[in-house]
Every structure is written in structure tokens, then in C-alpha cells.
Amino acid sequence: MSSGLQIRDLTLRIGGTPIVSGISFDVPSGQITGLAGESGSGKTMTGLSICGLQPKGAERGGTVEFAGRNLIGLSERAMNAHRGTDIAMIFQDPTASLHPMLRIEHQLTDHLRFHERMTRQAARSRAIDLLASLHVPEPAAALRKYPHEFSGGQLQRIAIAIAMICRPQVLIADEPTTALDVTVQAGILRLLRELCDEYGLAILLVSHDLGVMSAVADSLIVMRRGEVVESGTCHQVITDPKEPYTRSLIDSLPAAAPTRVATTTGLESL
Ligand SMILES: Nc1ncnc2c1ncn2[C@@H]1O[C@H](COP(=O)(O)OP(=O)(O)O)[C@@H](O)[C@H]1O
Ligand SMILES: [Mg+2]
């Protein structure tokens, strides 16, 4: 079992401007690590930098340790081998990870068939099992559909399935529920919790919304202007923030924030 990611002194400069300024934190397996902060604080750039997906020409520094290896400085080819198979990413817009003109089956089984050399039947069977475990209704029928045939929430489940098909150890989820309405949002957060608890997945959950964090995150890192200003257990940071900046983020929460999802797995569908 991997111990997730250890990030030390991560920096990112774009055109000489510091975007991420020497941040350090762990993303342990079996836990949801929340990365919060106002818009523009560097959350997305941190997630992309970890995966080697930072903008072209940007300079990275520091270390991102995965399974005893520093991912920073790996060749593009070596990083490609990790991306998807060991470390996967999902985004606010699930269509970012989907091809609009290909059936879900193709998108889910492509890697298994051509990289893991599974037969079509075996890959299909793995895809159906996975969709079922992610509470996608009628998984066999879902495989025959195109992305536009699903609602936003179902599409995010399918993007999560594509991320999970190669059984990665780390999932970086960048604002995965921001575009969804509140009840659908709760279902996706519950799903992330289940993946963590059942597969020991290490999740880095990026969100500007501390309501989302209080619903599922185990620990919380708060960023401002490319720096970590506060970190600790999620409960500790939210109930007893040390920094006025964190306090202001909490105070800006609407009264009806999502309630904490169960941490024991029920597997019931929302
Ligand atoms: N492609 C880019 N080139 C230059 N600067 C960028 C680029 N993308 C984002 N930035 C800048 O990086 C900073 C952090 O952005 P981002 O990580 O997207 O913030 P967050 O996800 O916390 O809202 C912002 O100041 C933003 O303007
Ligand atoms: Mg962002």
C-alpha cells in the first residue's frame, strides 16, 4: 500500500512570477486532504504542478514524492507512465476528461485494452463493475451512451470512473462539485469518501468552498497568494481558525452549508 504523496517546498513560477511559493503538505492514502483558498490563490496550479500539467514554460521546484520517487524532474515520458495509472485527476467540468463523440465504453476501456492488453470482454466487464460501484444506474446501457446523454452529476461519476479504471493510488479532484447543485454535490462527495475508505485512495480535494471541506475533508490546507497560511485537521481549522484570512473564508459561507457525509461506508446510492 502506497503512502500517497509527500509535497515539499513546491514552487511554480510562470514568466518569472511566483504562483506557488514553497508549499509543503502530505496527501496520505485513505484520507481526503482539502486544499482551500480564495479564487486565484494557486490551488489549481498546485494540483496541475503535482501531475506535471502546469502551463508550458512554467518552472517547478521542490519535490513531489510518490512511492519513493520525486516526480518533479521526471521526463515527460516517465511522468506519462504515472499519470492516469498511479495519479489521476478530475475537474470541475467532467467533459474535460471526456471525448464528446465517443461512447462511454470506448473511453472507459481504451486504456485497459491497449495498455493492459485486456480482451474487450474483460475490459467491458471491469467497466460495468466499476460503474455499478460508483452508483451509475444501468451500467451496461451507460456504456453504449455518449457524454451528452448524461446529467452533470452522472457525467462527473463517469469522469471519476475513467479516473479510477486503472486503479490509481492518488486522485486529485479540482472543484469536482462546484458546477453541481447541492443534492447532486452531496452524492459526489459521498462517493469520494467511499473511494477513500474502500480502496485506501489518497485524495487531494481542491475547492474554494469550505462547506465542501467540512462535509468530507480529513485535513485542510488553506492557501493564499501561493502560500500555505494554515493547515491542520479539517475540524480544527474550521472550528478554531488561527488566521483572520481563514476566518473570513468561514464567515463567507452561506448558512446552509453541506452537512458532513458519513465516514463509514454504507454504499447506499444518493
Ligand atoms: N496559464 C497561466 N499563465 C499565467 N498565470 C496563470 C495561468 N493560470 C493561472 N494563472 C495565475 O496563477 C494564479 C493561481 O491561479 P489558480 O491556481 O488557477 O487559482 P485557484 O485555482 O486557487 O483559483 C492566479 O494569479 C492566476 O492568474
Ligand atoms: Mg482553481
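In the predicted model, a polar side-chain atom of Thr 44 is placed 2.9 Å from an oxygen atom of ligand 1. Considered alone, ligand 1 exposes 560 Å², and the protein buries 58% of that area. The side chain of Lys 43 also approaches the ligand, with one of its N or O atoms 2.8 Å from an oxygen atom of ligand 1. At Gly 42 the backbone takes part, a polar atom there being 3.0 Å from a ligand oxygen.

The volume of the largest pocket is about 520 Å³. Its lining consists of 23 residues, of which Arg 83, Gly 84, His 111, Ile 162 and Ala 163 are the closest to the pocket centre. The lining is made up of 13 nonpolar, eight polar and two charged residues.

Several secondary-structure elements contribute to this lining. At least two residues each are supplied by strand E6 (87–90), helix H3 (104–114) and helix H6 (152–164). Strand E6 gives the most, with four residues. With regard to domain organisation, the largest pocket lies between domain 1 (1–86 + 169–270) and domain 2 (93–167), because both domains give residues to its lining.

Notes
Residues are numbered from 1 along each chain as its sequence is written. Chains are lettered from A and ligands numbered from 1 in the order in which they are written. This is a predicted model: local features need pLDDT of at least 70, side-chain atom pairs count only at pLDDT 80 or more; totals for chains, interfaces and linings use all residues. Side-chain values use heavy atoms; hydrogens and water are left out. A polar contact is a pair of N or O atoms within 3.5 Å; within protein, one must be able to donate a hydrogen and the other to accept it, and residues adjacent in sequence count only if both atoms are side-chain atoms. Accessible areas come from the Shrake-Rupley method with a 1.4 Å probe; for residues, only the protein chains shown count as cover. On a 1 Å grid over the protein atoms alone, a cavity is a set of points where a 1.4 Å probe fits but cannot get out, and a pocket is an open set with protein on both sides within 12 Å along at least five of seven lines; lining residues have an atom within 4 Å of a point. Grid points are joined across faces, edges and corners, and a volume is the space filled by probe spheres set on the points. Ala, Val, Leu, Ile, Met, Phe, Trp, Tyr, Cys and Pro count as nonpolar, Asp, Glu, Lys and Arg as charged, and the others, Gly among them, as polar. Domain bounds come from an automatic or database domain assignment.
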